[in-house]
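Dear colleague,

Please find the structure below. My notes on it follow directly after.

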Amino acid sequence: MSTIEASPEVGHDDHGHDHDHDHPAFLAHHFDTPEQQFDSGKLGIWLFLVTEVLFFSGMFCAYAIFRALRPEVFEGCSQFLNTKLGAINTGVLLFSSLTMAWAVRCSQLEQHKGLVGTLAATLSCAMIFLGVKSIEYSHKWGMGLLPAGLFAYDPSNPHPTDHPNYLMYICIPFAIALAGVLLWLVVSAGLGNKMHVAMAMPLTVVCLCFFVGVGLGMVLESGDETAEHIDVHADPNGLASAPVMLEAEKAAAAEAAPAIAASGAMVSVDESVLEILAGDASNTGVTSGLNALEQQNAAAGTSTITGDEAVVGAITTTEIDVMTPTTAGVFFSIYYCMTGIHAIHILAGIGVLVWLLVRAVRLDFNRQYFGPVDYVGLYWHLVDLIWIYLFPLLYLIR
Amino acid sequence: MSAGSLPSDSQVRDPGYPTPSENYLTNSKGILSWVFTLDHKRIGVMYLVGVTLAFAIAGLLALLIRLHLFQPDGFVFKGEEANNWYNQVFTLHGAIMVFLFIIPSVPAALGNFLVPVMLGAKDVAFPRLNLCSFYLWVFGALFFVSALCASGLDTGWTFYTPYSTTTNSSVILATSGAFILGFSSIFTGLNFIVTINTMRPPGMTWFRMPLFLWATYATSIIQVLATPVLGITLLLLIAERTMKIGIFDPEYNGDPVTFQHFFWFYSHPAVYIMILPAFGIISDLISVHSHKRIFGYRFIAYSSIAIALLGFLVWGHHMFTAGMSSLTTIIFSALTFTVSVPSAIKVFNWLATMYKGSISLTTPMCYALSFIFLFTIGGLTGLHLGTLATDMHLHDTYFVVAHFHYVMVGGTLVAFLGGVFHWWPKMFGKMYSEFGGRLSAALVFAGFNLTFLPQFVLGSRGMPRRYATYDPEFAFLHQMSTFGSMLLGFGLLVALIVLVKSLRSGKRAPANPWGGATLEWQCTSPPPFYNFERAPSVGDPYDFSDLEWDAEDERYVKVEPKREIVPEEKPEATPVHADDSN
Amino acid sequence: MFAKMNNVFSLLGDQFSGSEWFPQQASTFAKENDDLFFAITWLCVLFFVPIAGCLFYFALKYKKPKGAKAESNTAHNTPLELAWSILPSFFLVAMFVYGAQSYLNRRTVPDGANEVGLRAQMWNWQLDYGNGVINPELHILVDEPTKLAMRSTDVIHSVFIPAFRAKKDVVPGRYNYMWFEADVASEKVSDETLASAVKENGSDEWDYDKWQFTPDGYKFFDLYCTEYCGKNHSIMQSVVVVHETEDDLNAWIKKVSKRPDDGSVSPAEWGKKLYNQRGCKGCHSLDGSKRVGPSFKESYGNMRQLTNGDSVKADAEYIRNSILEPKKQIVAGYQPVMPSYKGQLSEDDIASITAFLETVSDYGRKVGAEDEGGSTTEEPTEKE
């Protein structure tokens, strides 16, 4: 332990019992050696990553289940996602992983400037990611492509203009952060506090990067506008493939219109769901139950169906239901849950990276003590890794 | 040391008593020294107070439930909203008991106090995280309280969709609370795994660890692996309620059975979070109070790990009647039976430990005996439920209610009480009234059986669970159960009084009142804030051969053959070198 | 403590008379189920008695004064431990195999089973006998397999018929099924008993618990909901009647199918019956108290404030719409949770319900009286 020159041997031991006077400042009182402390932290962060993986696994399961139940919905809906933006984000995150790994190496080699630089680069990438993401989100919200309960997409009017400016709302907190950091920079420069300037300068760049991301997203989104139109035209087809397939599946049932009407009337959820559920092998009894029900209703229909009006109404509602919220919404539910929680993890990562940056400027890390950089690096790689899975699952697989 | 029972040709090793400046309870003063403490022992004590409070609230709710069921039409709640009240009461009883009491009781309260001391470490690996997890627990509890104050909660503790997505009660507050408590539980588990892995002093090999640590380790694995899934499930449920994401709600094409799969993937392993630490406590209690080496140490240790892992594979047995495919159902039934084997191993091993021991029927031992009796009934009745054919009849009846209360109250609560009585002298440095303690054990045992044995019969006769009112033919058994619950409540009150009274007027506790050989008995009662001045010498945790009863001071002491001192004169005779002798 | 032990054993001893432990055996599953249950129970006793015996025997036998050393300090005995780990497994395998076989039997519906549709909703059961005949009671034939095709319109419920030892969840968005074969027919009470009970019960809702037979005079088996489904979960009960002959069953179905043509039952009376039987009662009170849905008291003919801000008069048209399309017009302060009754109530049924609603509203009664007098007035009795 005599190799540690940088660390002053402060009497950090607030409990004051007189053992191990050779404890360096960064070594917590209950650890015997820096190695023990590092190993504990490393094991701890790995366990934490395990919990993170399991946390996301719930959503991956949901994705798998619903994709298996309604492949056509997922195929149709994933066309709404802009692959270019997704690819850019993937690249940005991969690059940030590189800078993060570099940062760990810098901290081990005590290259303090390099550490600050690579951390700032990582943070900037995270901000660009969020900027691009905010374009994606606001665009979809504007189109009404929302989770099942809020789904309001109208194929005949894909770009309604009467919605609030979502992008502005997302940008506001980042703008405030930028203003705050700028203020910090100006004040500390004015006071001549070099350390604070050294902290605020990279953070200003980082905050600016969010708007770089927004700009990048806008360019790509608008450059995609023509393709988008084709997309939108293709979309109803893509989406419509769902009802078409369903329609084909239940062609036999559709012949007996009164039967459908009766069951359509009774099944308030909607007929198509049951059809889909009936296709699921694990859902035992559905098929026979459905047949039984239709027979019953066919029988019942003679006495209770009042007029043609009901028949027509029931059929049209069935079609509309397949097109919109209940089925298509599920894809966007899963999309928002997965990417949203991933974005929250990015935000949390930004938080701890800023903390690291501040500590790096304060020259807290050295050859003996670089654990926090290492742990945050592991966390950051995991967040990247999850995106590496999300990108193909949501954007690419058609 | 001229006590008759102590061999005169040996020397005694005993840490004596702590000074107020060493005692972890008194070494720093003021409320802030507790609020911001990083000492695992103080955090453990705060947890103990917290879970006791939660238990008291949930226990009173339980008494309310039993009172209401005294009459077929309901005895307590009357009028239009009676059923609603009943539903809220049983929901909160379940939710508070599960999330606020049973899950944190042994691991967080006793575990926090004991894990580092038993291990011979100075603290857990991450003391700040430890304090953080306590405050998360408090925070989660506040959410539950606010749910209670808002519009109550009436979903049952399982939050089954679609009822939980449509009801008007404050599901979001309660699920947020459970979500936060989940994080508290994850952090505790993570901390213990790291502590046990990296903080063991020299000599503390895996197979020299007390079995309580094995059990805690296995529990922590479950906490870390299962709880995140609960977290995401509850998060999706909240999203389902606020945004209608259509994953669990059939109205938007979701599937309620998927929710059940997600939920039980956590909540079945959670059952083992509740019972595994209890196994650990009982293993130690039985061995210490029989003053005999634990029988089959490795089998017990491995069976804890086996239970932890197998526990992840059996969640489907909560859904035998939900309409899974036949194949899935049968596979889950088969897996369910495999879990019973490691539990059975433990019971046999405990009995073998008692055989030819030297048993002291102290209060902790009475609770341990009561545990084995009750847990065996709880475990055996699980067989009726794991068998598919009989489960078709018994599922969701009072048989299930009785079964899991035998496991969780007869098991975990009784073991928790046993553990508290066992380590109370160590935690607070006071001895309690043995008579009072044994009386409470007897009352709890009698009251518990009277409460829950009739419920097995109620269940097999077809009484469904969660009923606010019931058919008159079930009245007699329900009344028996209600009387039993009063007795049980009284027994628990006696236990509380005995313990609280000891704090005021109890005798000062020696370092080792029971004759335990694990490390926590080698430091003073209560331990100094630094636990051990230097890494303790780690011996066999179940070797009682060198522990002798010192009748004069009413304590067990470690005796060693007198060391040969080469220079004839005594060190005291040469004060110049006194400091070197140490 | 030993008194408690006796208690335990006396309860176990009760097994000799199965009736103490189980309800009547009334289906082909019942005997198999009970035999398996007792087999497992006896096996448990076989394990439990030695365990508990050793527990208390050791505790007393080896109780020693403090400081005494243990007689033995055996650390382990691997063959012994392996033996008690492995041997019980054989019993477990046997339990599993018998349980699974019996379970598969219950899942496999025999060909030609009679089908009855079942719809569960908060908090009542609707059994569908085809041809629009829907009734809360389950009526089946003895010695013939019956299959229930089940669905739920709101939350998860579970059908449980203790006498048949049969249970299955009813999950919204899924179709579950169950089957059973009753082998005991329901007895019928004497006509005098029935007549006096009907007279005493009057026009109130039939009290099954009190009379222990149905309004048609059959003894019944209980049918419970066993999956928690909200406020009135505990009164979500129905009855099962097992008919001796098909003619008997058909006669009953005919009887309940619709309002008698001969006019012996007035529309308002029939409407009240539907109110009690078809699940209205669970959510709509008659005394003005607020339940899941608005109370029927003073609803007919009065203005209703809707969630979308409109107000609408609760006239016959509104009531018809609310029954057929319940989620379209929601009264302010309530959730859109009512299932549609489209296809389940005939026009005559709806008219009967409307007639019944008139009788519980001052406005309705007044209008009714004035109609007889031949004049119509638009009495504004709006209340916001």
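How many residues lie between strand 4 of chain B and strand 5 of chain B in the hairpin that they form? There are four residues between them, and Glu554(B) in the turn has a positive phi of about 50°. Strands here are DSSP runs of E with at least two residues, and helices are runs of H or I with at least four, numbered from the N terminus.

This is a predicted model, in which local features need pLDDT of at least 70 and side-chain atom pairs count only at pLDDT 80 or more, while totals for chains, interfaces and linings use all residues. Residues are numbered from 1 along each chain as its sequence is written, and chains are lettered from A and ligands numbered from 1 in the order in which they are written.

Strand 4 (residues 547-550) of chain B pairs with strand 5 of chain B in the antiparallel sense over four bridges; pairing requires at least two DSSP bridges between two strands. Leu547(B) has Lys558(B) in strand 5 as its bridge partner. Strand 1 (residues 10-13) of chain B also runs antiparallel to strand 5 of chain B, joined by four bridges, with Gln11(B) opposite Glu560(B). Strand 5 (residues 555-561) of chain B is largely enclosed by the rest of the structure, because five of its seven residues are buried (20 or more other C-beta atoms within 10 Å of their own, C-beta atoms being placed from the backbone).

Turning to the interface, the contact takes 33 residues from chain A and 37 residues from chain B (C-beta atoms, placed from the backbone, within 7 Å). On the side of chain A that touches chain B, the largest share, 15 residues, comes from helix 1 of chain A.

With kind regards

Notes:
Two residues are in contact if their C-beta atoms, placed from the backbone, lie within 7 Å. A residue is buried if 20 or more other C-beta atoms lie within 10 Å of its own, exposed if 12 or fewer, and partly exposed in between; C-beta atoms are placed from the backbone.
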